[in-house]
Amino acid sequence: MKNVNLHKARKTKNDEFYTFYEDIQKEIENYKDYLENKIVYCNCDNPEYSQFWKYFKDNFRELKIKKLISTYLSEEAYITVYNGTTIEKTKLSGKGSFNSEECLTILKEVDVVITNPPFSIFSEYLSSLINNNKKFLVIGNKNAVIYKDVFPYIRDNKVSLGFNNITKFYQPDGEIKKFGNIGWFTNIKSKYKKKPLLLTEEYNNNKYKKYYNFDAINVDRLVDIPKDYCDVMGVPITYIDYHNEEMFDIVGIDGKDFGEELGIKSVGKDWMKIYRENGKTGHISASMRVLVLLEDEIATQKFRRILIKRKSV
């Protein structure tokens, strides 16, 4: 499904997409043990509208939360605190931006941040949480895994994707917007495990071709990852949904931001000449460090690839 609504939001900075109660509840089920005696901070949430605030207030005692805090961006912003009995609302001196000095001071005092931040500033938002050494469970576009400022956290197992996808949000006017690639990002370890990839294929060099410009094999589908191959392979980005750090290391990703440090060579003029002679017109140039194939004088450009390596068989 194309993320038409997400593209529109990014273009217009219209980031007021509110999460449904049931989507929050479904994901939190996997982290209930962690939340006991924790101060939960929803730093993009007006309690008048936020289903995050409503969910945590409704389930305060069941989750055994210590305290619930909310702030939000507004010309007249407030901090709202719930201790399980009373609600205290205090006007902020600033506008309530997550990266304001006032809200960063609040951030330092809490245990975990759980919210749906604006999609347009996701990289900056995530870095703020990590730089302040905070646990978090936040919603974002899963394409963010390839962002320059996000991918290193994924590669180094400091951030992973959560358990569920989110397919729709509602806006202040009540309109429902549907999306195709939205999920949860977190650095909280859950006692539950994701369903692992069932690997049944065995490696053979006829089926798995090596890239023209990098020493790794290409795998077009996750189900085709060979169970007995222990060198580097390029797999679709959707692999991140199933990543098991006990089974695989994430080596890197192709493209301009990380290709050179990995040793991915530019595709070069010779490959480009064959590519154009094949009648192909894709947006690619000789200097790009994307993964490509060349077989029987047929030049093929692959979609972005995550490079992984099996730890053991």
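**Asn165 and Lys142**

Author: Setting aside neighbours within four places in sequence, Asn165 is in contact with Lys142, Ile182 and Gly183. Bear in mind that this is a predicted model. Asn165 sits in strand S7, residues 160-170.

Reader: What makes Asn165 partly exposed, rather than buried or exposed?

Author: Its relative accessibility is 48%. Buried needs under 20% and exposed needs over 50%. The value of 48% falls in between, so Asn165 counts as partly exposed.

Reader: How do you know that the side chains of Asn165 and Lys142 make a polar contact?

Author: The distance is 2.7 Å. The cut-off for a pair of N or O atoms is within 3.5 Å, and one atom must be able to donate a hydrogen while the other accepts it. The pair therefore counts as a polar contact.

Reader: Why is Lys142 called buried?

Author: Its relative accessibility is 8%. The limit for buried is under 20%, so Lys142 qualifies. Beyond four places in sequence, Lys142 touches Leu161, Asn165, Asn181, Ile182, Gly183, Phe185 and Asp241.

Reader: Why does Tyr82 count as buried?

Author: The relative accessible area of Tyr82 is 7%. That is under 20%, so the label is buried. Tyr82 belongs to strand S3, residues 78-82. Leaving out neighbours within four places, its contacts are Trp53, Lys57, Phe60, Arg61, Lys67, Leu68 and Ile87.

Reader: What does the side chain of Tyr82 reach at 3.0 Å?

Author: The backbone oxygen of Gly84.

Reader: What makes Ser123 buried?

Author: Ser123 has a relative accessible area of 18%. The rule is under 20%, so Ser123 is buried. Ser123 lies in helix H7. Not counting residues up to four places away, Ser123 touches Tyr147, Asp149 and Val150.

**The cores**

Reader: Which residues touch the most other members of the largest nonpolar core?

Author: Ile225, Met233, Val235, Tyr239, Ile306 and Ile308, out of 45 residues in that core. Elements giving two or more residues to this core include strand S1 (39-42), helix H7 (122-131), strand S10 (232-236) and strand S14 (305-310). H7 gives the largest share, four residues.

Reader: What is Met233 in contact with, beyond four places in sequence?

Author: Ala216, Ile217, Val219, Ile225, Pro226, Phe248, Ile306, Leu307 and Ile308. A second, separate core has 29 residues, among them Phe17, Phe60, Leu63 and Trp184. In soluble globular proteins, nonpolar side chains tend to be buried together.

Reader: How far apart are the C-alpha atoms of Asn165 and Met233?

Author: They are separated by 26 Å, and the two residues are 68 apart along the chain.

**The cavity**

Reader: How many cavities of 30 Å³ or more does the structure hold?

Author: One. The largest cavity has a volume of about 60 Å³. Its lining is Pro196, Leu197, Leu199, Tyr239, Tyr242, His243, Asn244, Met247 and Phe248. By class, that lining has seven nonpolar, two polar and no charged residues.

Reader: What makes Asp296 and Glu297 exposed?

Author: Asp296 has a relative accessibility of 69%. The relative accessible area of Glu297 is 53%. Exposed means over 50%, so both qualify. Asp296 is in the loop between strand S12 (292-295) and strand S13 (298-301), and Glu297 lies in the loop between S12 and S13 too.

Reader: What is the phi of Asp296, and what is that of Glu297?

Author: Asp296 has a positive phi of about 55° although it is not a glycine. Glu297, also a residue other than glycine, has a positive phi near 60°.

**The whole chain**

Reader: How many helices and strands does the chain have?

Author: The chain has 10 helices and 14 strands. Its C-alpha trace spans about 70 × 40 × 35 Å along the principal axes. Of its 313 residues, 47% are buried. Among contacts with a separation of 6 or more, 63% join residues 24 or more positions apart.

Notes: Residues are numbered from 1 along each chain as its sequence is written. This is a predicted model: local features need pLDDT of at least 70, side-chain atom pairs count only at pLDDT 80 or more; totals for chains, interfaces and linings use all residues. Side-chain values use heavy atoms; hydrogens and water are left out. Buried means under 20% relative accessible area, exposed over 50%, partly exposed in between (1.4 Å probe, protein chains only). Contact means heavy atoms within 4.5 Å. A nonpolar core is a set of buried Ala, Val, Leu, Ile, Met, Phe, Trp, Tyr and Cys residues joined through side-chain atoms within 4.5 Å. On a 1 Å grid over the protein atoms alone, a cavity is a set of points where a 1.4 Å probe fits but cannot get out, and a pocket is an open set with protein on both sides within 12 Å along at least five of seven lines; lining residues have an atom within 4 Å of a point. Grid points are joined across faces, edges and corners, and a volume is the space filled by probe spheres set on the points. Ala, Val, Leu, Ile, Met, Phe, Trp, Tyr, Cys and Pro count as nonpolar, Asp, Glu, Lys and Arg as charged, and the others, Gly among them, as polar.
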